[in-house]
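Here is a friendly walk through one structure, taken a topic at a time. Keep the viewer open as you read.

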Amino acid sequence: MPRDFTKYNFNGQILGKGRLVLAVIKEFVKQNQPTLTELFKAFPVEVQGRKGLFCTEQEFNEKLKTSDDVKKRFFTKDDEILDIEGTKVLV
């Protein structure tokens, strides 16, 4: 299956799929300041796909132990990590 390089316009930025998801979730968090429960309710597991859209830092560290591709599936830079109720969340 060929790779999809489609670009999307979100808030004046042209983004690929991964960066689009990050931007949408960051904007949702900024506007709504949800709890973790509210975040999972807004983006239920059924719409997240097989790997999921986000996880806590603790879940990410556990996934690192068993998977080689986790690092490229989540945004790990400081300005990309969300802080929700004092919990670090990676998209």
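Which residue takes a positive phi in the hairpin of β4 and β5? In that hairpin, which has two residues between the strands, Glu 85 takes a positive phi near 55°.

## Ground rules

You are looking at a predicted model, in which local features need pLDDT of at least 70, side-chain atom pairs count only at pLDDT 80 or more, and totals for chains, interfaces and linings use all residues. Residues are numbered from 1 along each chain as its sequence is written, and side-chain values use heavy atoms, with hydrogens and water left out.

Most residues other than glycine have a negative phi. Glu 85 has a positive value without being a glycine, and is found in the loop between β4 and β5. Glu 85 is exposed, with a relative accessible area of 56% (buried means under 20% relative accessible area, exposed over 50%, partly exposed in between, with a 1.4 Å probe and protein chains only).

Asn 11 also has a positive phi, of about 50°, although it is not a glycine. Asn 11 lies in the loop between β1 (8–10) and β2 (13–15) (strands are DSSP runs of E with at least two residues, helices are runs of H or I with at least four, and both are numbered from the N terminus). At 57% relative accessibility, Asn 11 counts as exposed.

## The three-stranded sheet

An open sheet is formed by three strands in the order β3-β5-β4, with antiparallel pairing (two strands pair if DSSP finds at least two bridges between them). β3 (55–56) and β4 (82–84) are at the edges with a single partner strand each, so one side of each has no neighbour in the sheet.

β4 pairs with β5 (residues 87–90) over three bridges in the antiparallel sense. Across this pairing, Leu 82 stands opposite Val 89, and Asp 83 stands opposite Lys 88. β3 and β5 also run antiparallel, joined by two bridges. There, Cys 55 has Leu 90 as its bridge partner in β5. Leu 90 is 17 residues from Arg 73 in sequence, and their C-alpha atoms are 9.7 Å apart in space. Arg 73 is found in helix α5 and, at 42% relative accessibility, counts as partly exposed.

## Aromatic pairs

A pair of aromatic rings is described by the distance of the centres and the angle of the planes. The structure holds four aromatic pairs (rings of Phe, Tyr and Trp, the last by its six-membered ring, pair if their centres lie within 6.5 Å; planes under 30 degrees apart count as stacked, over 60 as edge-to-face and the rest as tilted). One of them joins Phe 43 and Phe 54 edge-to-face, at 6.3 Å centre to centre and 85° between the planes. Phe 43 sits in the loop between α2 (36–42) and α3 (45–48), and Phe 54 in the loop between α3 and β3, so the pair ties together parts that are eleven residues apart in sequence.

Phe 60 and Phe 74 form another edge-to-face pair, with 5.9 Å centre to centre and 75° between the planes. Phe 60 lies in helix α4 (residues 57–66) and Phe 74 in the loop between α5 (70–73) and β4, so this pair ties together parts that are 14 residues apart in sequence. Phe 60 is buried at 7% relative accessible area, and Phe 74 counts as buried at 7% relative accessibility. Turning to clusters, Phe 28, Phe 40, Phe 43 and Phe 54 form one aromatic cluster.

A polar atom of the Glu 80 side chain lies 3.3 Å from the backbone nitrogen of Thr 76.

Technical notes:
A polar contact is a pair of N or O atoms within 3.5 Å; within protein, one must be able to donate a hydrogen and the other to accept it, and residues adjacent in sequence count only if both atoms are side-chain atoms.
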